[in-house]
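Dear colleague,

My findings follow it, grouped by topic.

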Amino acid sequence: MSRRTFIPIPLALLAVFLFLFASCSGGSVTEEPTAPAETAETAAEEHPIPEETPMNTELALFPAVSAAESFNRMTFRYTSASPLELNVVYSVDGAWEEDRFYLEAGEEGTFSALIKPYLKGKTASDLRFDSIRPLDGKKLDTRILSAELETVPVYAKDVLTLEGSRYKVGIKLSWGGGISEIHDRDNPVKGLGNLCNNCDTGRLIQQSYYGTGANGEYKPGEFNGSVWTYNPVQGGNKYNQTSRIIDVTVGEDFVTIKAQPADWSTKDFLTPSYMENTYTVSEDWIRIDNRFVDFSGWDNPPRSQEIPAFYTVSWLDSFVRYAGRDSWTGGALTWERNLPFWGDSGVHSQCVFPLEAGQTETWCAWVNEQADYGIGLYVPGADVLVAGRHAYNKSKNPADGATNYVAPLETFAITSFRPVEYSSLITTGSIAEIRAAFSKYRDFTENAFLLGNSGRVLTADYRTLDLTSPDALPVFGAPVNNASASFDEAVGAVCLTADVGFDPYIAIGYGYSSPVLSADDYRNLRIEYMIPEDNRDSRYSAEFFLCSGSTAGPTAGISVRVSGLAADGEWHTEEISLDKDFWTGEIHLIRFDFFDGCADGDRMYVRKIELLP
């Protein structure tokens, strides 16, 4: 049974009614024996709440409310011209709990949330509104039409299972609702069960996004030897502190999750953002519809975003993709059989695979070549694939530290209050079966958001890159390290920033150019740049890694250097010779290491980059 209390606003009294909560056959509940990891949200301090909670005088539609009945879920219906921060308090086990929610702007908005200790089986009482404010700085123009309270079942304290005729999907509620398990009933391999790696909060099939470095409000932590950026991660943070489940809906063949993600590199910080996933199963595939909204209001630069992060068991030894241009015609596949660890900066370039301009066959798979069995991921609109293996040991154990990884990438900036939305498909089987399934369902989604941000659909002539407009930003992307590209309206040029003063670089995807460019036709590169005087040094050196012909990615020794770049706040033009024996064939990529040595935050502005005969 589910118990709901309906609070019409501004009435102070509650009308209580009961209704049946229909459980659905598509999802079943299982509880794992292991205890959930520590939550990132520390318990609120106990404090007295006045009988009448003080409210802004403009909020006549928001009186204090006292709910005698218990509840674990709240639904607010509202209209608002602005995105909102809503603060409420409620009582749990006799102690007051403060809670904060973020509501999107809308004429007929609906927002539902579970109480903080939902997964512990707790219920609350005495809901009271504390405060509300617009997040965009505008005048408050909001009406809370109603609040509805209910008691719903605790679907699972750890893993919620969604089952179809072929697939069983484990959705780890204690880790923000990311996918921790995929079981295939048609799996022909003895001893192989769960195909996902779930060693820690970072090892799921999950959403993850990258934003600002340090600013007035956000102080980043460190990870893997580098100062990290704002990084909402669905499962939790590097300390194994978990994200928070905000809402759960179970349907006949789907589950929808809303979570408030933790920030990967910092402790005890749930980000001002929400991630939503709808998981659907059929006999041929698992579909994931992803949605992310940030409410921070921060200025986030464009970055390579994981869409999504995808981890498998180590036993799947080979990475397979289509690297050609004739999509869905059955062309030869490319196999990567000995990929290194993608997080090692020394070999990271070997793990980056830009997708050809105009290519729509943007799927990939991790398979065991000997058994000809694996799991595939298809994200229409992806620009780049990054894949690798960590501590490869052929383990079939999903909790093993060894894992394989892939992330389709798209370069875009997190824009507060603007939803990021995209969908993906997962299927399993032999490599032929995986490809056939993705071909059959290749039009399952438009992924308009990704296509609208895709660097692969640029019409720019890459021979002469005019960087005096923000429209040029998509030319910069993966591989990228400790760096970001943004557009500075005041300067009228692209700004390359060393977010961390160690080995900053960013790439230009010449393989996306139309027409196709040949290195044999271009023996010089000219760059128009300006380095501010307030940088750390007065002169800098840079390096261009040249990827053409058989050199698919940045490779040590296949580069040209330029020194003596002046940091005097003036515009300069530098012409660099590309007259090298290795600079031949079709141009794929140029990685621009714009500072060989620098300080955190050092910048270079660029107005033009040209390839010359």
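In this predicted model, D158 and K172 are both buried. Their side chains form a salt bridge, in which the closest N and O atoms are 3.1 Å apart.

R435 pairs with E361, with 2.8 Å between the closest N and O atoms. Here R435 is in helix α1 (residues 431-440) and E361 is in the loop between β25 (352-354) and β26 (363-368), so parts that are 74 residues apart in sequence are tied together. Both of these residues, R435 and E361, are buried. R73 and D247 also meet through their side chains in a salt bridge, at 2.9 Å from N to O. This pair links distant parts of the chain, 174 residues apart: R73 is in strand β4 (residues 73-80) and D247 in strand β17 (residues 244-250). Both R73 and D247 are buried.

The structure holds 30 salt bridges. Some of them share partners, and in this way E104, E276, R291 and E421 are joined into one network.

I turn next to the aromatic residues. The structure holds 33 aromatic pairs. In one of them, the ring centres of F223 and W228 are 5.2 Å apart and the planes stand at 80°, so the pair is edge-to-face; the cut-off for that label is an angle over 60 degrees. F223 is partly exposed, with a relative accessible area of 29%, and W228 is partly exposed at 21% relative accessibility. Elsewhere, one aromatic cluster is formed by F101, Y102, F111, Y274, F295 and F417.

The charged end of R591 sits over the ring of F545, 4.3 Å from its centre. In the other case, the charged end of R607 sits over the ring of W571, at 3.8 Å from its centre.

Among the strands, I would draw your attention to an open sheet of three strands in the order β6-β5-β8, with antiparallel pairing. Its edge strands, β6 (95-103) and β8 (125-134), each pair on one side only. From one strand to the next, the twist averages 20°. Strand β5 (residues 84-92) is joined to β8 by seven bridges, and the two run antiparallel. Within this pairing, N87 has S131 in β8 as its bridge partner.

Strand β8 also contains D126. Although D126 is not a glycine, its phi is positive, at about 55°. D126 counts as partly exposed, at 21% relative accessibility. A positive phi, near 50°, is found in D503 as well, again a residue other than glycine. D503 lies in the loop between β34 (493-498) and β35 (505-508) and is partly exposed, with a relative accessible area of 25%.

The peptide bond from I307 to P308 is cis, with omega near 0°, and P308 is found in strand β22 (residues 303-312).

Yours sincerely

Key
Residues are numbered from 1 along each chain as its sequence is written. This is a predicted model: local features need pLDDT of at least 70, side-chain atom pairs count only at pLDDT 80 or more; totals for chains, interfaces and linings use all residues. Side-chain values use heavy atoms; hydrogens and water are left out. Rings of Phe, Tyr and Trp (its six-membered ring) pair if their centres lie within 6.5 Å; planes under 30 degrees apart count as stacked, over 60 as edge-to-face and the rest as tilted. Buried means under 20% relative accessible area, exposed over 50%, partly exposed in between (1.4 Å probe, protein chains only). A charge sits over a ring if NZ of Lys or CZ of Arg is within 6 Å of the ring centre and within 35 degrees of the ring normal. A salt bridge is a side-chain nitrogen of Lys or Arg within 4 Å of a carboxyl oxygen of Asp or Glu. Helices (H or I, at least four residues) and strands (E, at least two) are DSSP runs, numbered from the N terminus. Two strands pair if DSSP finds at least two bridges between them. Axes are lines fitted to C-alpha atoms, for helices over the stretch in contact, and angles run from 0 to 180 degrees between N-to-C directions.
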